[in-house]
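Here's a quick tour of a protein model, written for someone who likes the cut-offs spelled out. Have the viewer open while you read.

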Amino acid sequence: MQLTAAALASIRGGVSGAVAFEAVEPALRPGVQALGFQVLRWLGRAEALRRQLAKRTPPPAADALLCTALALAWDSALSPYEPFTLVDQAVEAAKRNPGTRAQASFVNACLRRFLREREELVAATEREPVAQWNHPRWWIERLRRDHPRDWQRVLSADNIQAPMTLRVNTRRSNVASYQAALAAAEMQAIPVAASGLQLLRARPVQELPGFVEGECSVQDAAAQLAAPLLLDGLRSAATDGAPLRVLDACAAPGGKTAHLLEVAGPDAIELMALEIDAVRSRRIDETLARLGMKAKVLVADAARPEQWWDGQLFDAILLDAPCTASGIVRRHPDVRWLRRESDTEQLALQQAMLLAALWPLVRPGGRLLYCTCSVFREEGAHQIDAFLAHNTDAGLLPSPGHLLPQSGGIARGVPDNALGDHDGFFYALLEKQPR
Ligand SMILES: C[S@@+](CC[C@H](N)C(=O)[O-])C[C@H]1O[C@@H](n2cnc3c(N)ncnc32)[C@H](O)[C@@H]1O
């Protein structure tokens, strides 16, 4: 409880969930992270309850402890332990920690009252949208505006843990044989997308058959659309059978880089992968090494081609642009609490700059696939509408557009659609008019 509350206090201070949980000693990390994710999914409710119990905000460490206990205990159907056990643990933690000892009796009084009056207190928070949906108010309003018919479904899906989805490396295996290998290891999985399998129960990657040898990768089903969308039916402009020249402009950790190589086959593609962050770029090398694949990986700013481009046009560019990550909150429940509304505008500007810088590098008749793991229209449909209005040599090929996150199908054992449960994504496939 104490470690989970400390992670929450760090995240509230602006630290990402990944960094906050990384600070926990390895043996305890999985348990602390699992509890922490649950706290982040119900934080809006917990904060509203805390306001009911104490009008003045307590010091940060005591407030984090109170909110952690309330997020875990507010609904006994979702609670990992009996609510009274959680309350006892929180009070013990408050007494033991010098940073909260002075507030231990206050924490005790608040939580005992919560146990006595739980139903009335929860009912009193029911009309607050942030408590009801567990997202910041600006986020709820933006979603309601962007997706008037689906916003509630999206918010509900966001609060359900995402399944573990694999992409079978079709250079080494196929979906049916890999599904059989999983079944032999007592792991049940359902086929999704063109070469994906969704596990009914998540497992550590080391337990997956042939993972170390590169037989599969972990990748969400919606993310698995990128490589086939960009490459299917595309021919190199060269008449001498030369490989396709492809650029993956924002590549780390390399999930889509590897998929491009798997879809095209290593001899049919000459792939350049850019990443602005040198530390993150090492993850592309690791991904490719595990899968036994090669690409030219460069640490570079995709928005400044004059620094890295050799002047030869590309047949295809994948622009998986930096974004708010508002489509992947099922996997990163901290994201909604860390983002500010102004981030969307800044990121949209960055996306527009990347699009403008990379479009001239596409050959006539070539393609650029723009994607983001965001559900906000400013980073998706509106971005592409503005681009098409300013670039008369660009046409939109059939594209999925906004894919909204889908949850719950795997729990029922039946995928709701060809992708099963998946993250929120946006895809627009642009073609440059042939001369
Ligand atoms: C959405 S992630 C890419 C995920 C990746 N395509 C995959 O499937 O594994 C966006 C990446 O773009 C990088 N990035 C941001 N701005 C960039 C720029 N101007 N040039 C190159 N990379 C950039 C970020 O550091 C981040 O690693």
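## Ground rules

This is a predicted model, with local features needing pLDDT of at least 70 and side-chain atom pairs counting only at pLDDT 80 or more, while totals for chains, interfaces and linings use all residues. Numbering starts from 1 along each chain as its sequence is written, and side-chain values use heavy atoms, with hydrogens and water left out.

Helices (H or I, at least four residues) and strands (E, at least two) are DSSP runs, numbered from the N terminus.

## Domains and a helix pair

The chain is assigned domain 1 (2–134), domain 2 (165–218) and domain 3 (223–432); the bounds come from an automatic or database domain assignment. Taken over C-alpha atoms, the centres of domain 1 and domain 2 are 36 Å apart.

Now look at α4 (43–53) and α5 (60–73). These helices pack at an angle of about 115 degrees, and their axes are 8 Å apart. Axes here are lines fitted to C-alpha atoms, for helices over the stretch in contact, and angles run from 0 to 180 degrees between N-to-C directions. The crossing of α4 and α5 is right-handed, a label that applies if the near helix is turned clockwise from the far one by less than a right angle, with anticlockwise giving left-handed. On the α4 side the residues that meet α5 are L43, A46, E47, L49, R50 and L53, and their counterparts in α5 are D63, L66, C67, L70 and A71 (contact means heavy atoms within 4.5 Å).

## The four-stranded sheet

Which order do the strands take in the open sheet of 4 strands? The order is β2-β3-β1-β4, with antiparallel pairing. Strands count as paired if DSSP finds at least two bridges between them. At the edges sit β2 (189–192) and β4 (216–218), each pairing on one side only. From one strand to the next, the twist averages 30 degrees.

Working across the sheet, β2 is joined to β3 (196–199) by 4 bridges, with P191 opposite L197. Strand β3 is in turn joined to β1 by 3 bridges, again antiparallel, and there L197 is the bridge partner of L166. Another 3 bridges link β1 to β4, where R167 stands opposite S217. In β1, T165 and R167 point one way while L166 and V168 point the other, and all are buried (buried is under 20% relative accessible area, exposed is over 50%, partly exposed is in between, using a 1.4 Å probe and protein chains only).

A few spots are worth a click. E186, in the loop between α11 and β2, has a positive phi of about 60 degrees without being a glycine. E186 is exposed, at 68% relative accessible area. A193 is another non-glycine with a positive phi, about 50 degrees. A193 sits in the loop between β2 and β3 and is partly exposed at 29%.

There's also a cis peptide bond between A252 and P253, with omega about 5 degrees. P253 belongs to the loop between β5 (244–248) and α13.

Why is β9 described as largely enclosed by the rest of the structure? Because 10 of its 11 residues are buried. Strand β8 (314–320) pairs with β9 in the parallel sense over 6 bridges, and F314 has V362 in β9 as its bridge partner. Strand β11 is joined to β9 by 6 bridges too, but runs antiparallel, with R367 opposite E431.

Helix α17 (381–390) has A381, Q383, I384 and F387 buried. Viewed down the helix axis, the buried residues of α17 fall within an arc of 155 degrees, so they line one face; the arc is that of the directions from the helix axis to the C-beta atoms. A389 and H390 are exposed on the other side of α17. The buried residues of α17 pack against α16 (341–358), β9 (362–372), β10 (394–403) and β11 (425–432).
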